[in-house]
Amino acid sequence: MTRASWSYQSFLWPDDAEFPVEKRSAVLLHRLLSLIGAVLMGLAGCLLAAVDPSAVDLLSFFGGGGGVFLGLLGASYVSGVVRYWHPEWMRGVAYVLMVGLGTIAALNGFSADYDVGLLLLYGTLPCVVALGAESNRPVWRFLGIGILASVSGTIFGLIPPPEALVLTGGMAAVASVEGIALSGQFFVRGRLERQNDLFARAQRLADIGAWEYGVFSEELFWTQQVRKIHGLPPDYEPTVDEAVSFYHPDDQSLIEEILDRAVEKGIPFDEELRLKHEHTGDRWVRARGTPQMEDGEVARIRGTFQDITERKTQQQRLQSLRERLELAIGGAGLGTWDWDIETDEVIFNQQWAEMLGYSLEELDFRFEIWEELVHPDDLSAAAEALDAHLAGTTDFYQQELRMRTKGGDWKWIRAVGRAVERDAQGTPTRAAGIHLDIDERKRDKQKLRARSAAMETSIDGMAILGPDETYRFVNQAHADIYGYESPDAFLENTWRMCYEESEQTRLEERAFPVLRAEGSWRGEALGQRRDGTTFPQEVSLTLAQEGHIVGIVRDITGRKAQERELREIAGEYETTLDNVTDAIFLADVVGTGPKAEFRFERLSSSYEAMTGLTTEEVRGKTPSEVLGAGPGGELTANFHRCVETKTPVTYEEEIAMGREVRMWQTSLAPVLVGGKVERIVGVGRDITKRVEREQELERKNARLDSFAGLVSHDLRNPLNVATGRLQLAQEEEAPDPDHLVAVERALERMDAIIEDVLALTWGGRDIRAEELSTFSLASLAETSWDHVDTSKATLHFDDPPRVRCDEDRLRRLLENLFRNAVEHGGETVSVEVGRCPGGFYVEDDGTGFPEGKNEAVFEAGYSSGDEGTGLGLSIVESIAEAHGGTLSATNGRAGGARFEVTGIDVEAPGEENT
């Protein structure tokens, strides 16, 4: 049905969404009868009026009756009460009309006109009353009333007998026809009700409810079972949006999608949805829907809801059980097989295939594949065991056999199975079972047998004691150690037969408690041979299953003798290590070739004293772990060189020890055992002072060479001048006095050079500790300033420190720096003396140093003027170095020269004078 088409149903069908469907059908029928009744009664009134125009009251009655029916019809559209109770209203109106017409007929003497009207009334009203009734009682009730009225009228003379007979016969005929029609209706209705009842019962049993959705009216109808599934009240009628909102948010879009497909394309659906409701909780619903077509369009969708929560729960439980079973099978490494004997088809699981290195895709699911994979030596026995079980001889089929893996190896498998289905004759039709990988266990048994053979042939004495501490197994070596010919001599005897009483007590008190508490004990004991002699032995006891004890005994008489000898050697060795002055260390060689490792074993006392390391700290560690990556890597490289050449290696290296860097000379000597270097003995000697002396001697020699060349050059110039002037004076009859003046200046120049050389030599001499005292740098500077021709120059201070120094030499250092400032900065130069980190500085505001010349000024003979000797700053540098410090030169803050003396002993700011 579409909105463009029209039928009486579209006009008469109730549109109240809350109105039950069964009531809607009744209202539709009664509305139709109301319309027909109004029309018929109007026609009847008109006909009767045409026959007897004077019967105005009859026309009015029929007109009024038709009006009542029309009013009732109209009221059902606007009044919910009238609409809901329409059948009852119809029935009441029909009774009232019949009583009214009967009264009018009786008052008019039941004339023919009224008889016809009464018959029309009886032909119409019983149908209206009977429709929707449960039986034919309304028809018989109307018939009884009519007959009673006819009989009463005849008795009282109101109705002529012929008319009464006609009236009664007519009413009986109408009632009979209507009764037959209504009986068929009641039969159909009863059958329909029985079907509906059976359908409702089936819905309840199957937990299925029906539903219908009107596409054009957008009305949704649910049966009571649907409401029950959704946990709703029996009278609740949800809208489409409400119905969708009952479901899980993830399923709501799916519901809208399948409804759209059903409406637009006519596609039916069958989906499982999750229902979430505050009353029912989480439930699973199976929703099915089928589009209904009218005039080529989908007019409605009808379907069912079924509560499948229990089935879904069972499915989930089965799935969980299946997953747990698969997990158990997978975790246990079980391969399963299922053999259809009639078709010869076999189904393997993934573990069965993977057990042999295959994937399921690589296997042919035939029984022959099993036969092809079984080891030829095991196939006949396996086939016989399988045939015996299929024949009913054994309850199970089980066999241990070897099967070929994908890689071509053979793996031990334990196969277990049974026939699970037989036909009527008892012939097996299906068998199933498992495969268990026992390859490792099988090989362990083989290893155990090999170990047993090894125990029999071992050179160590091996025995097994029972829980009662009696011998259960003894190998031949055990018997030989104790001087017995056969192992049988030990069986059924306790272990005490091999020890003296005192040793028995010691083992019972010390060994066995530990064995039972920790499961093993290892130590030394004193065994007793058959002839009564004793010998030292090494014993290892292990607690096995069921209280058994596995014991291993080794005669260590020879080893003990070696240990005594080694102890004597070790004593001598320890004495040597403890008294030698050189640092000695021992390193074990682990491995061979480029991958060999070297691990410290022992340090001598002198090595520990020199380095601060101890044997406990370095034992077992590599050079890199002890010394760091750099020094450790160099030592490792020298170790490798010693091992490769198998000859001593000597080298010198610098080693950082705390904050100091020391110079070491190390000699490595290989210890050969059977042609292989097993250990390296290293002897280290601290040669720092020797190297320093050598370096100082070289430096002094270099300085002397430089001084010698400088002095010879500088002395030769004034000497040449003096010699030349004297010659000129001797040659002249009247010598020019200027010659004498020039000679005098040359001699003064030579005297200044000699004085500076002496100062340089004296200033660089090492200072002894007793020559040092602490002085105020300010006082020394003021004294030195007074000894220099400073002209108009000025001296300033900036927190000068107290200095521990040789007073004369430090004054000479300051005098040279002041003189240098005045000579190069001018007679008005300003000089400042102050503290700097680690020492002090002297700074002027003169011209400073030419770019790149600040380090060259310390070179002997360097001078930017013609009058200087070039030794002044060399003297300053030598005095600074004699105090253990250094001299550096840079441009000052004002652009002048700045000299810093650092590394000498100065007091910190605020420190008390000493």
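Visitor: How much of the chain is buried?
Guide: Buried residues make up 38% of the 914 residues in the chain. Keep in mind that this is a predicted model.

Visitor: And how many helices and strands are there?
Guide: The chain has 28 helices and 27 strands.

Visitor: What share of the contacts joins residues at least 24 apart?
Guide: That share is 52%, counted among contacts between residues at least 6 apart in sequence.

Visitor: Which residues have the most contacts inside the largest nonpolar core?
Guide: They are Leu813, Leu814, Phe818 and Phe840, in a core of 33 residues.

Visitor: Which elements supply at least two residues each?
Guide: The helices are α26 (777–786), α27 (807–825) and α28 (872–882). The strands are β23, β24 (830–836), β25 (839–844), β26 (886–891) and β27 (897–902).

Visitor: Which of them gives the largest share?
Guide: Helix α27 does, with 7 residues.

Visitor: What is Phe840 in contact with?
Guide: Leaving aside neighbours within four places in sequence, the contacts of phenylalanine 840 include Leu810, Leu813 and Leu814. Also among them are Leu777, Pro801, Val803, Phe899 and Val901.

Visitor: What about a second core?
Guide: There is a separate one of 26 residues, which includes Leu356, Ile369, Trp370 and Leu390.

Visitor: What lines the largest cavity?
Guide: There are 15 lining residues, and Trp211, Ala243, Ile255, Leu259 and Phe305 lie nearest the centre of the cavity. Strands β1 (208–214), β2 and β3 (269–277) each supply at least two residues of the lining, as do helices α10 and α11.

Visitor: Trp211 is an aromatic residue. Which aromatic cluster is it part of?
Guide: Trp211 forms one cluster with Trp222, Phe246, Phe269 and Phe305. Trp211 and Phe305 are also among the residues nearest the centre of the largest cavity.

Visitor: How many aromatic pairs are there?
Guide: The count is 18 aromatic pairs. Take tryptophan 222 and phenylalanine 246: their ring centres are 6.4 Å apart and their planes are at 50°, so this pair is tilted.

Visitor: Why tilted?
Guide: Planes under 30 degrees apart count as stacked and over 60 as edge-to-face, so an angle between those limits is called tilted.

Visitor: Where do those two sit in the chain?
Guide: Tryptophan 222 is in strand β2 (residues 220–222), and phenylalanine 246 is in the loop between α10 (240–245) and α11 (249–265). They are 24 residues apart, and the pair links distant parts of the chain. Both tryptophan 222 and phenylalanine 246 are buried.

Visitor: What kind of pair do tyrosine 471 and phenylalanine 490 make?
Guide: Their ring centres are 5.3 Å apart with planes at 75°, so the pair is edge-to-face. Tyrosine 471 lies in strand β12 (residues 471–474), while phenylalanine 490 lies in the loop between α17 (476–481) and α18 (501–518), so the pair ties together parts that are 19 residues apart in sequence.

Visitor: Are those two buried or exposed?
Guide: Both tyrosine 471 and phenylalanine 490 are buried.

Visitor: Which charged end sits over the ring of tryptophan 284?
Guide: That of lysine 312, at 4.5 Å from the ring centre. In another case, the charged end of arginine 898 sits over the ring of tyrosine 841, 4.0 Å from its centre.

Visitor: Back to helix α18. Is glutamine 504 buried or exposed?
Guide: Glutamine 504, which is found in helix α18, counts as buried at 17% relative accessibility. Beyond its neighbours within four places in sequence, glutamine 504 is in contact with Trp495, Arg496 and Tyr499.

Visitor: Which residue has a positive phi of about 55° although it is not a glycine?
Guide: Lysine 646. Lysine 646 is in the loop between α23 (629–645) and β18 (649–657), and at 43% relative accessibility it counts as partly exposed.

Visitor: And what is phi for aspartate 799?
Guide: Phi of aspartate 799 is near 50°, again a positive value in a residue other than glycine. Aspartate 799 lies in the loop between β22 (794–798) and β23 (802–805) and is partly exposed, with a relative accessible area of 44%.

Definitions and conventions:
Residues numbered from 1 in each chain as written. Predicted model: local features only at pLDDT ≥ 70, side-chain atom pairs only at ≥ 80, totals over all residues. Heavy atoms only, no water. Phe/Tyr/Trp six-rings, centres within 6.5 Å; stacked < 30°, edge-to-face > 60°. Helix = DSSP H or I, 4+ residues; strand = E, 2+ residues; numbered from the N terminus. Buried < 20%, exposed > 50% of the residue type's maximum accessible area, 1.4 Å probe, protein only. Lys NZ or Arg CZ within 6 Å of the ring centre and 35° of its normal. Contact = heavy atoms within 4.5 Å. Core = buried A, V, L, I, M, F, W, Y, C linked by side-chain atoms within 4.5 Å. 1 Å grid on protein atoms, 1.4 Å probe; cavity = no way out; pocket = protein on both sides within 12 Å on 5 of 7 lines; lining within 4 Å.
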